[in-house]
Amino acid sequence: FPIKIPYIKSFLSHQTIHTMMKIPLFSSSLIIFLVLATSISPSHENQTFLQCLETNSNPSYPISSLVFSPNNSSFPSILQAYIRNLRFNESTTRKPLFILTAQHESHIQASIICAKSQGVQMKIRSGGHDYEGLSYVSNVPFFIVDMFNFRSINVSIEDESAWVEVGATLGEVYYRIAEKSNVHGFPAGVCPTVGVGGHFSGAGYGNMMRKYGLTVDNIDDAKLIDVNGRILDRKSMGEDLFWAITGGGGVSYGVVLSYKIKLVRVPPKVTVFRVLRFYDQNALDLAYLWQRRANKWDNDLFMRMIIDVVNSTTHTSKKTIRVSFFTLFLGDSDRLISVLNQSFPELGLERKDCIEMSWIESVLYYTNSPITPIDALLSRSPPLSYLKRKSDYLQKPMSKEGLEFIFKKMIELQTPTSLIFNPYGGRMSEISPLAKPFPHRDGNIAKIQYSTNWNEKGVEASNHYLNLTRVLYNYMTPFVSKSPRLAFLNYRDIDLGITHNGKLSYFEGKVYGIKYFKKENFNRLVKIKTKVDPQNFFRNEQSIPVYPSWRN
């Protein structure tokens, strides 16, 4: 029988078998054979793969002890250590054939050779924060190359740079910078446990993007292992491939090992505040005004606006809208109050609302954690929940009527979804949309994140909350970007479409690709992909496709 027996169960479900039994072509004996095949352990295939890895890796760096298969007692803990979305930690979630906790470049090179020879999909995981779990789940037989051992960070204050391996977390990057300087930082995300690999390669952003742009706007070099096992830097890979892996998602092009980042200057003291306003406290007017001003403010000011549903403080049995203004200002409180008195006096900011601290302390403040001890940034254990994320771009201010409509629908839905508006403008408007694969620059007021978290287990609960998020997203349709409705790659959303990585992969990939990258950047990404990985070895459910063969 030509199909590898251990893999049959990867393609068959009970429903599939039930359907097949209705087809005369399939005899009862064949059905019995297939059902039995689904229970056969893939240990033989794993053993063959392990032998391949040992044969093709550097003997100076033994690999066998780094491979964990399901029959290894450590397998569950290794797998779950970097699952950040509990939706993908159910008993029904497909598990990898094995996990390779790579410690050396040769381990990755060997895994590429063996995955190609045996036709098994390779997933690459750094921090595990992909919102759809694409770094550790799949619908086909696969294994994981876990990059958490690649976590070195070498900071040079002299030339204001750092080499950062992809398995490091953002918290570790910030901590190592702060160890050497209190006037340097890096414009990356607010969640310290996010891994560098996916965050940097997908154009991650943070509270300093209006001042300094995105992570990818501050990357000077990279090291990558390509489909042929070569270790390349920016010079040897060429500018096209370097461009692609700084915003287009590194996992479509190879295994990125590290990035060289440019440190940015921060003042010794910054100012933060969190001001909350409820619907009966002028929240509607403030939200209306924020949209018209937030992208025009001083570049040192980043004021995120969060809209959510909470219990009313005046009617305990009712729900109301809360609008929060969560802010980082690269300066002292005196200058901040002066700036807002001129540009947003309606907020009524008072000195007692403002807290001055170091930039590194502000990173912890944004996680709702105590600002000391700073070494809390080294923790790799975030609170976990079931979650769904979606994204949009606000290009024209919503009317008061539009805001009222959304407020009303959020209360009707009783949704736990928060709408998080991240202001653009400043440096973001100065950079060409073609400079990096990330195209969302001038012309955007804000990026909107739909953030839904829940704690109930099971598929039924997940479907309920997924549906609530999608319904709210649909209600927002009139107010956001159109033709196409744009999205942010790092807020991974398979509702936008997936590819099956077959003959139609280009056309499937174009559906979500143009939303993430716009047409011109998507076409360039596909061209580069077709050149450097023509057989589409590096792939996932939303990877960059290759051009169809008739175009080559």
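## Disulfide, cores and a buried threonine in a predicted model

A disulfide (a pair of cysteine sulfur atoms within 2.5 Å) links Cys52 and Cys114, with an S to S distance of 2.1 Å. The structure is a predicted model, in which local features need pLDDT of at least 70 and side-chain atom pairs count only at pLDDT 80 or more, while totals for chains, interfaces and linings use all residues. Residues are numbered from 1 along each chain as its sequence is written, and side-chain values use heavy atoms, with hydrogens and water left out.

The structure holds 1 disulfide. The torsion about the S-S bond of Cys52 and Cys114 is about -100°, so this disulfide is left-handed. Cys52 belongs to helix α4 (residues 43-56) and Cys114 to helix α6 (residues 105-118), so the pair ties together parts that are 62 residues apart in sequence. Helices (H or I, at least four residues) and strands (E, at least two) are DSSP runs, numbered from the N terminus. Cys52 and Cys114 are both buried. Buried means under 20% relative accessible area, exposed over 50%, and partly exposed in between, with a 1.4 Å probe and protein chains only.

Accessibility of three further residues is listed here.

| Residue | Relative accessible area | Class |
|---|---|---|
| Cys191 | 30% | partly exposed |
| Cys354 | 13% | buried |
| Thr452 | 0% | buried |

Thr452 is part of strand β18 (residues 446-454). Leaving aside neighbours within four places in sequence, Thr452 is in contact (heavy atoms within 4.5 Å) with Tyr386, Leu387, Lys388, Arg389, Pro416, Thr417, Tyr465 and Thr469.

A nonpolar core is a set of buried Ala, Val, Leu, Ile, Met, Phe, Trp, Tyr and Cys residues joined through side-chain atoms within 4.5 Å. The largest such core has 158 residues, of which Ile108, Met122, Tyr259, Ile261, Phe325 and Leu419 touch the most other members. Helix α18 (residues 505-532) gives the most to this core, with 9 residues. Another core, of 11 residues, lies apart from the largest one and includes Ile78, Ile83, Ile99 and Tyr136. Not counting residues up to four places away in sequence, Met122 touches Ser111, Ile112, Ala115, Phe143, Val145, Val255, Phe537 and Phe538.

An unreviewed UniProt entry lists residues 92-266 as "domain: FAD-binding PCMH-type". UniProt positions are given in the numbering used here, feature names are shortened, and annotations may be inferred rather than shown by experiment. In the model, the end C-alpha atoms of residues 92-266 lie 47 Å apart, and the span is 26% helix and 25% strand.
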